[in-house]
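Here's a quick briefing on how this protein is put together. Have a look at the model first, then go through the notes by topic.

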Amino acid sequence: MTITPEREAELLASIPKGLLINGEWRDASDGGTYDVHDPATGKVLATLASATSEDAIAALDAADAAQAKWALTAPRERSIILRRAFDIIAERAEDFALIMTLEMGKPFKEALGEVTYGNEFLRWFSEEAVRDYGRYVTTPEGKNKILVQRKPVGPALLVTPWNFPLAMATRKVGPALAAGCTAILKPAKLTPLTSQLFGQVLIEAGVPAGVVNIVSSKSASGISGPLMKDHRLRKISFTGSTPVGRQLLKDAADNVLRTSMELGGNAPFIVFEDADLDKAVEGAMAAKMRNMGEACTAANRFLVQDTVADEFTKKFAAALSALKLGRGTEEDSQVGPIIDSGARDDIHELVTAAVSAGASVVTGGQKVEGDGFFYQPTVLNNVPNDAEILRQEIFGPVAPVTTFATEADAIKLANASEYGLASYVFTKDFSKLLRVAEQIEFGMVGFNAGVISNAAAPFGGVKQSGLGREGGAEGIDEYTTVQYIGIADPFADAK
């Protein structure tokens, strides 16, 4: 695909700029708007309506009104609609990839990968919609029957982050609709355009009015606050930072809302001395540089056995330094910009503090001057174990390397974090992998693999990384509630 300024302008012009409420695109109730910027240039891409608290309640009105009918819609019909949305996105893959490249910054080829990955949640949950099983069994003493069914939990608020604009929306909307829930989607203010395009697709696919409402806004609390106080909202699914997640959990307690929280990460990437180092470097590149490191699953701490640390670091630094930085629309771009100047400043501050604490810069370590918010892919060596960069989620293309001596040391270092989302282990010894996996406190483990996210697998963490799972057979459970019906023994008269 040749990306021209004319192609960009045409796509941007085609995307709705309003709020999707009850099947119609409308302006904000107060006429408010906000700008969406290109992180590669800093220029304005589009101006969108900014939803108010009044608009949020209007969206909930629509979701609540549509809930009963959608819950009673045949599972096969819900399945067909989701599959139709999957097909439309597949046909428009280049449009979705380009809009993500423009608003988020990732290279176009990588954005195409997100379209494939994100769209798979719609196909997966279109299939799961008809497999939401219950059970019918006899009580142990044989006097009654137990009927258990799963029912949709009700209207759900879905709050997505800026780093995976399509995948985070489909990962929430897919299971919600499959389970029979209506939804209010609140995309991140930095990257809402993909969700606007997704809304267009859902309408085209036949999602009834009110079943999915989209309220983009410059004020996240202005949307979540009033909604979470309203008894009609029954569920919140949030992907974002741990501090915000903690606050939302507190807010959810007052209304006893069902919650799914996919929060921060601090993934260890453990390389044992028996690992295939070339494969470990390949895995490290995938685990670190996907999305420029702006991913909750990104490898954040590289824990390398001391006997192979120098060789691994040298090879890893060479691979990172060879990457080409550039706007994601450039054909040879491999590393796009950081999302905004504040995020880039935070990354550089962590690097500077690590160097001051004794770390060495092997490659990179600097902001890139000029337009946009680019940062050099960076490897730091000899990073002290108490360095702040090993405790904080970097969310950028920076790889701090530290060493360990024994398997027990590796496990201790890996667990020295309040987070527990993704982790990676490279070794040729499967028994070692099983021992380590049993002892490290993470919801997901990649074994000789740098990318493990998949629609068919349960995604989620432990500790401060959140609650619940998205994807897999478990994903739809987050949007259902269990109802038990006790039935008097139907054979009582025959006994």
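A salt bridge here is a side-chain nitrogen of Lys or Arg within 4 Å of a carboxyl oxygen of Asp or Glu. By that rule, the structure holds 24 salt bridges. Keep in mind that this is a predicted model, where local features need pLDDT of at least 70, side-chain atom pairs count only at pLDDT 80 or more, and totals for chains, interfaces and linings use all residues. Residues are numbered from 1 along each chain as its sequence is written, and side-chain values use heavy atoms, with hydrogens and water left out.

**Domains and their interface**

- The domain assignment (bounds come from an automatic or database assignment) gives domain 1 as 5-263 + 465-483 and domain 2 as 267-447.
- The centres of domain 1 and domain 2, taken over C-alpha atoms, are 31 Å apart.
- Contact means heavy atoms within 4.5 Å, and on that basis 28 residues of domain 1 touch 29 residues of domain 2.
- Buried area is the accessible area (1.4 Å probe) that two parts lose on being put together, summed over both; for domain 1 and domain 2 it comes to about 2,100 Å², 57% of it on carbon and sulfur atoms.
- P39, A40 and S465 supply 23% of the area that domain 1 buries against domain 2, more than any other three residues.
- The rule finds three salt bridges across the interface of domain 1 and domain 2.

**Salt bridges one by one**

For accessibility, buried means under 20% relative accessible area, exposed over 50%, and partly exposed in between (1.4 Å probe, protein chains only). Helices (H or I, at least four residues) and strands (E, at least two) are DSSP runs, numbered from the N terminus.

- E8 and R327 pair up through their side chains at 2.9 Å, N to O.
- R92 bridges to D95, with the closest N and O atoms 3.0 Å apart; R92 is partly exposed at 23%, while D95 is buried at 14%.
- E120 and R123 form a salt bridge with closest N and O atoms 2.9 Å apart. Both lie in helix α5 (residues 108-128), three residues apart, or about one turn of the helix.
- E120 is partly exposed at 26% relative accessibility, and R123 is partly exposed at 26%.
- K463 and E441 meet in a salt bridge at 2.9 Å, N to O. K463 lies in strand β20 (residues 462-463) and E441 in the loop between α14 (430-439) and β19 (444-447), so this pair ties together parts that are 22 residues apart in sequence.
- K463 is partly exposed at 36%, and E441 is partly exposed at 37%.
- R171, K172, E262 and E470 are linked in a salt-bridge network.

**A three-stranded sheet**

- Three strands make an open sheet in the order β5-β6-β22, with antiparallel pairing; two strands count as paired if DSSP finds at least two bridges between them.
- β5 (135-138) and β22 (480-488) are the edge strands, each pairing on one side only.
- Four bridges join β5 to β6 (residues 144-152), and the two run antiparallel.
- Y136 stands opposite L147 in β6.

**Around S224**

- S224 is in helix α8 (residues 220-229) and counts as buried at 13% relative accessibility.
- Leaving out residues up to four places away in sequence, S224 touches L157 and L248.
- S224 and Q483 sit 259 residues apart in sequence and 28 Å apart in space, C-alpha to C-alpha.
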